Each structure stands twice: as structure tokens, then as C-alpha cells.
Amino acid sequence: MLELVARAIIAGTPLLIASIGEIYTERSGVLNLGLEGIFVLGAATSFVTTLYTGNAYLGLLVGGIFGAFIGFLHGIVSVSFRGRQVVSGLALTMFSYGLASLIGKSEVGKPLPTYIYVGDIWMELIAIEILIAVAFWYILFKLKLGASIRSVGDNPNAAEALGVDVVKVRILSTVFGSFMGGVAGAWYILGYIQVWTEGAGMGRGWIALAIVIVSAWNPLLAPVFSFLFGGIEAALWRFQLPPYNLDPYLLGALPYLATLVILFMFMATPIKKYFRPPASLGEPFYKEERTI
Amino acid sequence: MKIELSIKRRPRELPYSNIIVPMGSIIISLIVSDILLVLSGVDPMVFFIVLADSFLSFSSIRYAIPLILSGVGLAIAYKANVWNIGAEGQILAGALAASGVALFYIPPDMNPVTAAVVLYVIGFSAGAGLGLLAGILKARFNVNEVLSTLMLNYILMQIVNYLVYGPWRGVREYGYPRTDIFPDNVWLPQLIIGDMRTTVNIPTLAISLIIPFLMYFLLFKTKWGYEIRVVGSNPNAAEYGGINTGKVIALTMIISGGLAGIAGVGEVLGIYRQLIRAERVSAGFGYTAIIVAWLGKLNPIGALIAGYFIGVLVSAGYTLQIISRISYGAINVVTGILLLSLISLDFISKYKPIVKVVR
């Protein structure tokens, strides 16, 4: 049982990192569906970096930088160019899938020289992660920086009138969230599965996007759902073995089914009224239209 | 001194932007992709030679068929601002339902034409049903359709794999993860040129050529189409105008899901003649079809042309995989940049960037 908890924490960590980043992005009014691709790209680039340099922390950083780069593109296309956020995000996910495949292809399955080993310190890991979640909650809800981010996501016109540079805040929040997404993908490889195959990490970004919704765009709730999904993943692995011997494919559908059911439960019940998305989420900001 | 960048809506779109935007995006994406391929060690001309070769190959048409069917459906959904990302799962639903019925319920002496009609209807219904599920979740409970359709993609994928590895695994397939070959009265006939057999199946090709025109008619000449367009362009006006938004969401999900379902029927009955691993049945067509819809500017006839072009690209991707070390996944680079350039150029055709130097 304790082992299962430890595994849940370790499997949930990348989800937590990615969902906290995306909470910041979405709070600023930008929906980044590129997160899925960023996660996969972060996994591939960190793997290759660590393979060549032998430094796992450099791997984390490089994964984050590639993520930030994709986030910057999303910012330019969807914030500056007012492209539809859904389309821009999907395009960047496809692009990142392709880039990850180009970058990692020749290194498939090579053993990593070093990992980030957290198996022994999972209790400390929980404490650290909860502290991180609290810190990000504090920044978002108690500091002026967080107030600017939330204001451009709720009412960009009012924010602009009060002197907040909406375009800048949105792009920077997207870049930050994407950096976290890249680090999350990197952590997934370096701290959890420890080997890269083509497509490693696919699907995790979508789950992180769902975690953002059911956490009500609040960093404090993100650990709860990240560890829940981490737990489902860890349990799947356990239930394939004797004495359970459940079918791996049916079990594989479970995280996605759970996501769907949890989304449904939150949207179809009275809990819904506590889960208000940022008012301008997904809406482009038209600055010059006011002055005409 | 400070440089200020601002933008201004053009009084009207740049002339010929309907042609320039897609063509420009294609050119940009091909150039950027070629640069990335060169960086990964592929000869710069190889990509273009392979692409030129693919333009007149039957394999491009074979890939264009599912892409056109799914892409036209998605264009209808996106026109109503309904973000169906679930064509991949809806293709699988169609393939799965048609395979099940073909294996267990179609009598071997049934007339092939009757069997084909029955199976197309079954496949359409399965895809439409899956689409409608996400549509109801969205219309009734406001569950984000991007996430619900994505989740259903993964769920369908796992169910298909469970079946081909488990209960439906063929007894004559030496343990490979696939069902037995379907009885030959459900096979869809393939195009034969001279003595060369192609992988293009005639009935699904015919459907994919007719559907875009039917859907064009539906979208631009009927009341339903009018409602779809109003909900997409101005949801507030739709509400005040008495249009039932929920109905439009359900309708577009049924159409897009159903057409993807037909694409799935074509894959299993027209090409493989058995149900195989999910990754090979849908093969990412459902995601690639999103680009088909946008490249065709959300116009069903545009999607027909775009579907052929993307079919060429997919076919070139497979060839490239064979002749170089590049994996097929790399083709995502091209499609991703293509979609990104499309929406960026679309912006430039509607807005004018103004650079001002302020002292």
C-alpha cells in the first residue's frame, strides 16, 4: 500500500508541474492545447541532453527551454495574431510531436547515464510539492503579479485601462506555463520512466489540461488531482500482475475514462458553480477596436 | 526612441486571400520542414522529389479518402465553433462496429451491395453516436468538447486493441493481434488499373467525392446550414434569433462523427479486410483531418482539395520513412507548421501591422 502511495506521488509529479504551469497560462486568458506536445517535446529533448551531457538537471532545463519556445510561438500566433487558440495549440502539439520524433529517433531505448532518483524521498517530495503549490497559489492570489495575470484573464479591457500590458502579460504567462510543461515532460523521463521510446509521454498533456479544469484553476487543488491520476497510473501497473491479471488494454483506457467521468461529475453537479473558468479564457484581446 | 507596433483591421480582406493564404502556408511549411529534415541529415532535395512523386500515386488517393471524409465533417463542426478533436476515435468506432457486424452477423450469402450499405450505415451510426455523446456532454453540461473527444479517442483506441489482442483475435492469424479476415461478400472492391491492384477502394472513394458537395449544399443552401453558420459566427445573435444552440452542437457532432465513422468502414472493409491494431486503423488520420478542414478554409469543397493535398503529404511521409532514417512521426512537423502558418497568414490578410517610430 505504501509502495502504491509512493508510486502515485512519483507518477503524479510531472502532472502537477504541467498543470500548475497551465493554470497560470489559463488564468491569463490563454488556453494552451500545445501543452500536450510540449510535454512530449520536453521528454525527448531532456532525454537526448542527459544522454550526451550526463547531467539530468541540465536535461530538465533544456526540456523547459524547448517548452518555453513552443509557448512563445503560441503567444505570438494566438495573442499577437489573434489566431484561434484551439487551432494554434493543436498545431503546436503536432509540430512538437514531429520535432520530438526527429530529435529522439536515433537515440531510442539507449540507457540513460543518470536519473533523478526520488524513490527513497517520496515523503519529502510530497512536502516539497505541496509547498510549491502553496507558493504558486500565494503568487497568483496574494501578490500584485498574480493580480495582473488574473485581471487580463478575467477582464482584459479593464486591465488595459488600469495600465496592465495585456499582450505582454498573456505572452509571458504562456511562456512560463510552457516552460513548466517542458520541465514536466523532462521529469517524466528523468524522474519516472527513465527510458525514451518514440511517443513517450503522449496523452499526459491532455490529462494535465483536465486537471486544470477540475482544480478550478487553483494551484492549491492541483496536487490532489495530480496525485489521484498518478495513483490511477500506478494502480494500473499493479493490476496487470498476478493475482489480478487484468487486461492491460482495458486498464489503459481507465485514466482517460476517469478523466471523462471526473470532468462530467464536476460539470453536471452543483459543485459546478465553484468552478468558474477565467471569464475571458480563449477570447482574443482586441486593443485597437476600442479606439476606433 | 521607441518602436511601436500596432495593428489595424483592413477594410476588406487582401485580394485572393482564399488562394494566397493556403498556398502561402503550404510553401512556408514545406520550406521550414525541409530545413529541419536537412538538420536531421536528409538530403535537401529528397523531400521534394518524394513529394512530387506522390502527387500522381494511388497511395495518395488511398490516404486522401479517410482524410476528406473526416475533414469535411470537421469543417462543418468547426464552422459552428464546435471543437470536435475526436475524429480519430470516431474513425475507430466506425471501424470497430463494422468489423463486429461483418464478423458475427452478416450471413456469408448476403448480397455484397446490401452488406456494404448495411455496414456503411452501422459505421456512420457508431461514429455519430460517439460524436453525439461528446455533443450531449457539451450541450447539456458544458463539458469541454476538446477534452471529452480527446479522451474518447484514447478510450476507443484501447478498446480496439483489447479486442484484437483478446476476444476477437483471429483463430487463423497465428497469434497476431488482428481478427480473422472478413467473409468476402463484405469486401469493398479495390480499383484495378490494367493488372495493377491499388489500395483505393471504389465505393468509399465515390462517397468521399460526393459528400463534400452534399455538405456544401447543406452548409450554404439549407436552414440547418444557416443555423450552423450563425452559431459559429455570432452565438449571441443565434440565441436572440431563436436558434437552438444545443441542437446545432448535436447536429454537427453527428455529421462529423458519422463521416469519420464511414472513413473507418472504408479502412477495414476496403483495405485491411480485418480489424487490426488501433494505431494502424486510424493511423492519426483523425488528427490530420483537422488540418484538412482548416486548409480548406472550413469549406467542404475546399476540404476535398485540401484532403487530396494532405493525402499526398501523408503518402510522402511513409515513403520518406522507408528511404531514410526519419520516422513517420516527423511528418507532424510539416502538418503542424502548415496549420500554424494558415492561421498566421489569415491574420495578416485581415489585419494590417503598423510600425510607428516614436521619439
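## Contacts and overall form of chain A

Among the contacts in chain A with a separation of 6 or more, 81% join residues 24 or more positions apart; two residues are in contact if their C-beta atoms, placed from the backbone, lie within 7 Å. One pair to look at is Glu3(A) and Gly119(A), which are 116 residues apart along the chain while their C-alpha atoms are separated by 9.6 Å. This is a predicted model, in which local features need pLDDT of at least 70 and side-chain atom pairs count only at pLDDT 80 or more, while totals for chains, interfaces and linings use all residues. Residues are numbered from 1 along each chain as its sequence is written, and chains are lettered from A and ligands numbered from 1 in the order in which they are written.

Chain A has 12 helices and zero strands; helices (H or I, at least four residues) and strands (E, at least two) are DSSP runs, numbered from the N terminus. Its radius of gyration is 19 Å, close to the 19 Å from the globule rule for 292 residues, so chain A is as compact as a globular protein of that length. Here the radius is taken over C-alpha atoms, and the rule is 2.2 Å times the number of residues to the power 0.38. Along the principal axes, the C-alpha atoms of chain A fill a box of roughly 70 × 45 × 35 Å.

Of the 292 residues of chain A, 53% count as buried. A residue is buried if 20 or more other C-beta atoms lie within 10 Å of its own, exposed if 12 or fewer, and partly exposed in between, with C-beta atoms placed from the backbone. Glu3(A), in helix α1 (residues 2-27) of chain A, counts as exposed because it has 11 C-beta neighbours inside 10 Å.

Helix α6 (residues 144-154) of chain A holds buried residues, including Ile149(A), Arg150(A) and Val152(A). Their cover includes α1, α5 (122-142), α7 (156-161) and α8 (166-193) of chain A. Elsewhere, the peptide bond from Pro242(A) to Pro243(A) is cis, with omega near 5°, and Pro243(A) sits in the loop between α10 (222-239) and α11 (248-268) of chain A.

## A kinked helix in chain B

Helix α7 (residues 202-221) of chain B has 20 residues and reaches 29 Å from its first C-alpha to its last, close to the 28 Å expected; the expected span is 1.5 Å times one less than the number of residues. A kink of about 25° lies at Ile210(B), shortly before the proline Pro212(B). The bend at a residue is the angle between axes fitted to the seven residues ending there and the seven starting there.

Pro212(B) is one of the buried residues of α7(B), as are Ile211(B) and Met215(B). The cover over the buried residues of this helix includes α3 (58-79), β3 (196-201) and α10 (245-272) of chain B.

## Where the chains meet

Between the chains, 44 residues of chain B are in contact with 41 residues of chain A. On the chain B side, α6(B) gives the most, with 12 residues. That side has 28 nonpolar, 14 polar and two charged residues; Ala, Val, Leu, Ile, Met, Phe, Trp, Tyr, Cys and Pro count as nonpolar, Asp, Glu, Lys and Arg as charged, and the others, Gly among them, as polar. For the complex, the predictor gives an ipTM of 0.89 and a pTM of 0.92.
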